Amino acid sequence: MAKRLIPTFNRILVEKITAPAKTSSGILLPESSSKLNSGKVVAVGPGARSSEGKVIPVSVKEGDTVLLPEYGGSEYKLEDKTYHLYREDDILGTLHD
């Protein structure tokens, strides 16, 4: 049976993007060149509640590429994949082409 994790409140489920270890021509890249810590948003929660009880929606959506902090978040393994769960406040920004 397939499992699906749906975040609550203002939490965001991210699958980290791993940079390639070598170029298409076969040149091995140093570990420092792949230091950008980013990920793809897999799922988002509905948002946090204000003091009046209204829902404040999350600012990112599924499919966005986000910049992640070096530390933080919670790691979860579902079936064969590893995901990370962050609060919206922990996300540093979104990446665009």
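Predicted model: local features only at pLDDT ≥ 70, side-chain atom pairs only at ≥ 80, totals over all residues.
1. Overall make-up. The chain has 8 strands and 0 helices. Read from the N terminus, its elements therefore run β-β-β-β-β-β-β-β, given that strands and helices are the two kinds of element counted here.

2. Burial and surface. The chain has 97 residues, and 25% of them count as buried.

3. Contacts along the sequence. Take the contacts in the chain with a separation of 6 or more: 64% of them come from residues 24 or more positions apart.

4. The hairpin of strands 6 and 7. Strand 6 covers residues 74-78 and strand 7 covers residues 81-87. The two strands run antiparallel and are joined by 5 bridges. Together they form a hairpin, with 2 residues between them. As an example of the pairing, Glu 75 has His 84 in strand 7 as its bridge partner.

5. The turn residue. Where does Glu 79 lie? Glu 79 is in the loop between strand 6 and strand 7. In this turn, Glu 79 has a positive phi of about 55°.

6. Accessibility of the turn residue. Is Glu 79 buried or exposed? Glu 79 counts as exposed because its relative accessibility is 59%, and the cut-off for exposed is over 50%.

7. A distance to check. Glu 79 and Arg 4 are 75 residues apart in sequence. In space, their C-alpha atoms are 9.9 Å apart.

Definitions and conventions:
Residues numbered from 1 in each chain as written. Heavy atoms only, no water. Helix = DSSP H or I, 4+ residues; strand = E, 2+ residues; numbered from the N terminus. Buried < 20%, exposed > 50% of the residue type's maximum accessible area, 1.4 Å probe, protein only. Contact = heavy atoms within 4.5 Å. Pairing = 2+ DSSP bridges.
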